[in-house]
Amino acid sequence: MKSLLTNLRVFLVLTLLTGVIYPLVVTAIGHLFFLEKAQGSLVRKGNETVGSELLAQGFSNPKYFWPRPSANKYDGLSSGATNQSISSTEWIKTVKEREAQGLVSEMRFASASGLDPDISLEAAQAQIQRISTARELNSNDKARLEILVHNSLQLRQAGIFGEERINVLKLNLALDEAIKGTP
Amino acid sequence: MKSFDFIQIVLILGFLVCVSPVLGGWIAKIVEGEKHLLSFLSPLENFIYLISGIREKEEMNWKQYALSIVGFSFLSFSAVFLILVFQGSLPLNPQNLPGVSWHLALNTAMSFMTNTNWQSYGGESTLSYFSQMVALTVQNFVSAAVGMTVLLALARSIRNKESQNLGNFWVDLTRTTLYLLLPLSLVLAILLVGQGVIQNFAPYLTLKTIEGASQILPMGPAASQIAIKQLGTNGGGFFNANSAHPFENPTAFSNVLQLISILLIPAALPFTFGKLIRSQKHGFILFVTMLTLLVVGLGLSLFSEYLPHPSISGTVMEGKETRFGVTHSVLWSVFTTAASNGSVNSMHSSLSPLSGGIALLNMLLGEIIFGGVGAGLYGMVIFVILTVFIAGLMVGRTPEYLGKKIEAQEVKMAILAVLAPNFIILAGTALSVVLPIALSSVSAKGPHGFTEIFYAVASGAANNGSAFAGLNANTLYWNLLLAFAICLGRFGVIFPVLAIAGNLAKKKITPPSPGTFSTETMIFVVLLISVILIVGALTFFPALSLGPIIEHFLWLEGKGF
C-alpha cells in the first residue's frame, strides 16, 4: 500500500516535470530563437499566409509546378502513404500510367508523408515545357524559367547530407513573381 | 550507391562508435550517484524524493523491485487510458477532438506504457495537445526509464555477492529521467526546432493557396515529443506519417540528428553495463556483437534496396521522401527496428521485399541489436546466459557468467524470456491468418499480405511499434490482440530477467580458473552471434520464407500479386 502511494506521488511529479514543464520550456526557448520555424515555417505573399514551406500543396493547374503524388490528396489532417508493395501488379500499373502521362523520376511515386514539399531538379525540369505552353511564354522567358529552376536547387546540407531538391511552393511563388503570363 | 551515401553512413556510424564509450561511462556515474556534470540539479532530485516519500538509501529485493514496476506501469496505463477517453472534456484541445474509443485507448495506453509506441491512430486527426503532452510525452520518458531500471537491477545482481539488494526502483527511475533523458531531450528538441520541427499551441491553420484551393496545416507541441521519441527508443509519431512528416523531420540534418538519437543511449549502455559489473571488456564485447549484427543487416538491406526493379526503371521512391532519398530511408529502417524504436521516415511496406524482411528480422531476433533503452541490453544478457550455458555443456563444466554460477533456475528463466515473445508472435500470426475478422484489415495480396500480419504481431510482441502500414490496425480485433502481444512481450521478459537478477545476487562470486569460459574474447562474440541466429532462425525461418523471402525471389523474376 505504501509502495502504491509512493508510485502515485513519483508518477505525478514526473508527469509535471516531463509532460508540462519540459514542453513549455522547449516552446519558450524555441520561440525565443526560432519563432518562424516553431510556428510552421509559414510562407506569406503580401499580407496573406499562402502555405508552409514544409508541407506540399496539391498544385494541379498546368501553369504551376506540381508536387509528387499524395496518397491522401495533400490532406493536412491525414498524412501518410499508399503503403503499396513494390511487387504489387496494381501498383506497377499505376506507375506505368504516370509514366505514360509524362511524369519522370520520383514524380511517378507517392511520397511517404503525402506532403513531400520537394521535387528533384530532373522532375522540375521535366515540367518546364508544360508551364511554358500554359503560360504562353516566349523563348526569352522560357530561358529565364530554366535559370530560375536551376537557381532554386537546394544543395546537400553541409555539402554532404541528404539529397539535392527544389521546394515546389517557393518555386511557384518565384515563378509568379519573375515570369510574365501570370494566371 | 554514390560516394555521398558511403560518406554519410561512415560519418553516422563513426560518430556513434566514438561517442558511445564516453556517454556510457557518464551514465554509469549518474546511476551510481557519483559526482557528474549535472550534479547541480541534485537539489531537484532530493526534492522529488522528499515529496514522493522515497528513501534514497533503501534498497529492494527482486520481488519488491518487480512489484514497484508493476505498480508504476499500472498507474501509467490508467492515466493514459483515462486521458485519451476523456480528452474531449480536457483542456488544450483547439480542434475539439472527441475522446477515443475504449479499445483504441487501451491499445495506445498499453503501447506507450511499455515503450512500444505502436500507433493505431493518426495523431493530427485523433489526439489533442493535452493528450500528446500529458499522456504520451510523459510515457515516452518514463517507459524508457523503466527499461533502464531493469537493466540496472540486473547489473547490480551480477556485482553484488550473497545479497538480496538490487537497488531502489524509484531512485533509478528518477536519476535516469532527470539527468539523462530530460537534458538530452531538451537539447535535441531545440536543435530540431532550429531545423523546422514545429513547437506551438496554436489551433490548426486554414489558408488559401495561390491556386485558390484551401489547405489545413496541423500544429502542436511536436518537437518536445519527437526528441524523447527518438532518445527513449519510443517511436510514436506526433503525426500519422511519423518522421516522414515534414513537420516532424524537415531536413537532412534533422534526419541525421534523429538517426543518431535512435541508437545513442542503447549503444552507450553496454559500456555502462561494463563499468557497473566491473568488466569493461565484457561491455565492449557486447557492443561489438550488437554492432556486427547491425552492420550486416544494414549491408543486406542496402544491397536489396539498390537492386534494380524488374519492371520499373530508375530509383523506386514509393513511400520515400525526396529530401531523404534511398540511403537515409534504409539507414532509418535498419536503425529503428534494431533499436526497438519503431519510428519511420519511409514506409516499410513499400521497401524492397528483402529490406522489409531485414526490418522484420531485426525485431524477431528479440530487439537485442542495441534494442530499447535498457531493454535491448537485458535481452542480450538473456542470450549471453544461454550461450554460456551451451558453452558449458560443450566442455562439461558448470557454466559461469562473470563469476556467478549459471544453474537450472537461471536457464529456465532465460528460456522463458526468449519463448514468451516468440510464442505470441507465432501464435498471434497463425491465429490472424485464419480469422476473417483479422484478414479483413489486410490490404496487400500474396506473400506481402502475410508479411503485413507477421510484421504487426512481431512489432507488438518485440515492443518495436513500427508498421507494415497496409494493415488497418484500428479495429477491435487488432487493437486487442496487439495490446495483449505488447503486454506479454514486455513483462514476459522483465519478470524472468528480474527473477534471474534475484537469483544471481544471492550467489557467491567464484574467481575465474583456467577452465572458466571467458566472456571477454572475440570467440565469445562468434558464439553469441551463432546462438542468437540459431534461436532466431529455428523459430522464424518457416514464417519468413512464406513472407519476405518468397516475395523477394518472385519479385526478382517480375512476378507480382
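How many residues does helix α17 of chain B have, and how far does the helix reach from its first C-alpha to its last? Select residues 476-506 of chain B: α17 has 31 residues and reaches 45 Å, close to the 45 Å expected at 1.5 Å a residue. That expected span is 1.5 Å times one less than the number of residues. Helices here are DSSP runs of H or I with at least four residues, strands are runs of E with at least two, and both are numbered from the N terminus.

A word on what is on your screen. This is a predicted model, where local features need pLDDT of at least 70, side-chain atom pairs count only at pLDDT 80 or more, and totals for chains, interfaces and linings use all residues. Residues are numbered from 1 along each chain as its sequence is written, while chains are lettered from A in the order in which they are written.

Stay on α17(B): 22 of its 31 residues are buried, meaning that 20 or more other C-beta atoms, placed from the backbone, lie within 10 Å of the residue's own.

Next, pick residues 375-395 of chain B. This is α13, with 21 residues and a reach of 31 Å, close to the 30 Å expected. Of the 21 residues of α13(B), 15 are buried. Step just past the helix to B:Gly396, which takes a positive phi of about 70°.

Now colour by chain and look at the contact, which takes 80 residues from chain A and 95 from chain B; residues are in contact if their backbone-placed C-beta atoms lie within 7 Å. On the chain A side, α1(A) gives the most, with 21 residues.

Conventions. Two residues are in contact if their C-beta atoms, placed from the backbone, lie within 7 Å. A residue is buried if 20 or more other C-beta atoms lie within 10 Å of its own, exposed if 12 or fewer, and partly exposed in between; C-beta atoms are placed from the backbone.
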